[in-house]
Amino acid sequence: MAVDPITMTLVQKRLDHISRYMGWAMTRTAQSPIFSESHDFSCFLSNARGDALSVADGLPIHTGGGDFAVRAVLRDYGGDLHDGDLFLLSDPYEAGGNHLPDWTIIRPIIVDDRFLGFASNRAHQSDIGGGAAGTYNAAATEIFHEGIRLPVLRLFERGRVREDLWRLLLLNSRTSDLLDGDLAAMVGSTRTGRDRVAALAREYGLSETEGVFSAILDHAQTLMKEMIRTIPGGVYYGEDVSDTDCFESVDVPVRVTLTVKNGHLHVDFSGSAPQIRGFKNSSLANTSSAVFLAVMSFFNGRVPQNQGAMRQMTIEAPPGTVVNALPPAPMTMNTVHPTSEIVHAVWRALATAMPLEGYAGWGKTCYCISSGRKDDGTYVMYHWNGSSGAGAVRGRDGFPAAGQLCTLGGMNLPNVETYEQIYPVRIDRYEMRKDSGGAGEFRGGTGLEYSASTSQPAEYSFRSEGSCKPTGYGIAGGEPGVKGTIAVTLLDGGEGIAVPQYGIMQLGSARVDVSSPGGGGFGDPLRRDPIAVQRDVVDEIVSPEVAKDVYGVVLSSNSVGVDLLATEARRQELLRVRCPTP
């Protein structure tokens, strides 16, 4: 059916608002700080075939491959869907999941006995059992070490909860009190989505609504085809490398070849590393999400983020590799790594095609999770306040302390005062890290200096991908961000502890000190606006020494002004050093 563009736009905006409203309901009712503080969940709406129509609220790594999960429901229960049914899943091998901690609630939208689609919420649970509290078991060598595996389960049947299944889920979590409330919040958020989509469908008519859903996807496909046509046709290569398999130092490359032809993009990961022992293997759903994230961000929001855009892309991920692992490979870390490597590899390939549109790399993770006993059970604290800086792009500095690349800045850093109230922790330091962002005409985002003291024994799970080398690569003449560091000191006696890049340790009361990595810079640092450099010095993001020796900016004695003549002379001097005359 023909759909006029005004109606299509209005419905798309309505769907986006519904998706956001689902997120607001989740934030206000969830029990865990991972949701109410940090927003580590994503809501999305799909049509009856499982194609995502709106992913307006949440983290892109959750939603780019959400169709894998919805289609698993259709595969297992497609002929047996009823109003009031609710499905739950997580398994990356059997149920289209990203990784086990991301539980997905999927609710059919049935209006006047007509099946229109699904309202879904994918949320990272605080704990799902397994070998380490908080789900990140750095010692895992198979998925069975990582927690409960959920195939597609009917959690509600015609509006009635399956109490036995609900009790089973709570029994497999160290934080069952939180899980009980969080699951209820997820259920409520999808009910909100169903009710509002139903109201929209009754307003426009059921058949007309289905027609608009199809038009929305077709429109995104058309726009994506046009955007891909802006990339010069050809074959482009990109690569990013991890330096550990979680147990020893070893290169784990992710290699990608992009073929651009006739408005279509083929993404081929042939040549990537075989799957590894550690928990940084990707499921196909997660890899698809990472590709979607990389390509859609490169086009800077100029294409609606729905499944229609994905029709112009194909992905080739050889089974048995780190980007499409086979059972029983562990996977819990995959939404962060190798997602970061996948996105960086795709960005690097795209930058060879369109250098001025390239994105500098984000600093990789360098922090830990701590867990221990409290009066009413177990606590799990994610030290996200040690997050890394984002890469710069042409025209904009990188975001400071933006967190993991897989979130694109969509996950909030928790409030330190709230953390001090609910955990046995004192935040001693939390500030921008000086000289951490990669220098460039547009500077990389800064990391953080973070220090937290825990007053009682705890288990620590370390995840320090960015601690051995700079990981936020520079682009177009920009410099990389600095690498991160993480240190632990026992409070009883002041003994320093050697921290593994990945690993689990049981420690007494201790202080964790994180200097998180910075993002990469874009463009020649000598082209940076001197006033911007002076502002960074005043803000203590850049030191006077780096301002002079890297950016070539000479400030007045009190740093309140720029000596323009001296700056020009200094920049000419640095250029001569860089390119000496024969």
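Modeller: Let me start with a cut-off: angles of 65 to 115 degrees count as roughly perpendicular, whereas those under 35 count as roughly parallel. Please also keep in mind that this is a predicted model.

Colleague: Fine, so at what angle do the axes of α6 and α7 cross?

Modeller: The axes of helix α6, residues 176-204, and helix α7, residues 206-229, cross at roughly 110 degrees and come within 6 Å. The two helices are therefore roughly perpendicular to each other.

Colleague: And is the crossing of α6 and α7 left-handed or right-handed?

Modeller: It is a right-handed crossing.

Colleague: Which residues in α6 and α7 meet there?

Modeller: From α6 there are V197, L200, A201, R202 and Y204, and these meet L206, E208, T209 and F213 in α7. By class, the residues of this contact are six nonpolar, one polar and two charged.

Colleague: Switching topic, how much space lies in the largest pocket?

Modeller: The largest pocket holds about 1,000 Å³ of space. It is lined by 43 residues, and those closest to its centre are M296, S297, N300, G301 and Q305.

Colleague: Which element gives the most to that lining?

Modeller: That is α1, which contributes six residues to the lining of the largest pocket. The lining of the largest pocket is made up of 22 nonpolar, 14 polar and seven charged residues.

Colleague: What about the second largest pocket, which residues line that one?

Modeller: The second largest pocket, with about 170 Å³ of space, is lined by G64, D67, F68, L284, S288, Q307, M310, R311, M313 and I315. Two or more of its lining residues come from each of α4 (66-77), α8, α9 (307-310) and β11 (313-316). In this lining, five residues are nonpolar, three are polar and two are charged.

Colleague: Last one, how many cavities of 30 Å³ or more are there?

Modeller: The count comes to five cavities of 30 Å³ or more, and the largest cavity has a volume of about 110 Å³. Its lining consists of 16 residues, of which D40, H124, Y136, T335 and Q404 lie nearest the centre of the cavity.

Colleague: How do the residues of that lining divide?

Modeller: Around the largest cavity, seven of the lining residues are nonpolar, six are polar and three are charged.

Note on methods: Residues are numbered from 1 along each chain as its sequence is written. This is a predicted model: local features need pLDDT of at least 70, side-chain atom pairs count only at pLDDT 80 or more; totals for chains, interfaces and linings use all residues. Side-chain values use heavy atoms; hydrogens and water are left out. Axes are lines fitted to C-alpha atoms, for helices over the stretch in contact, and angles run from 0 to 180 degrees between N-to-C directions. Helices (H or I, at least four residues) and strands (E, at least two) are DSSP runs, numbered from the N terminus. Angles under 35 degrees count as roughly parallel, over 145 as roughly antiparallel, 65 to 115 as roughly perpendicular and the rest as oblique. A crossing is left-handed if the near helix is turned anticlockwise from the far one by less than a right angle, and right-handed if clockwise. Contact means heavy atoms within 4.5 Å. Ala, Val, Leu, Ile, Met, Phe, Trp, Tyr, Cys and Pro count as nonpolar, Asp, Glu, Lys and Arg as charged, and the others, Gly among them, as polar. On a 1 Å grid over the protein atoms alone, a cavity is a set of points where a 1.4 Å probe fits but cannot get out, and a pocket is an open set with protein on both sides within 12 Å along at least five of seven lines; lining residues have an atom within 4 Å of a point. Grid points are joined across faces, edges and corners, and a volume is the space filled by probe spheres set on the points.
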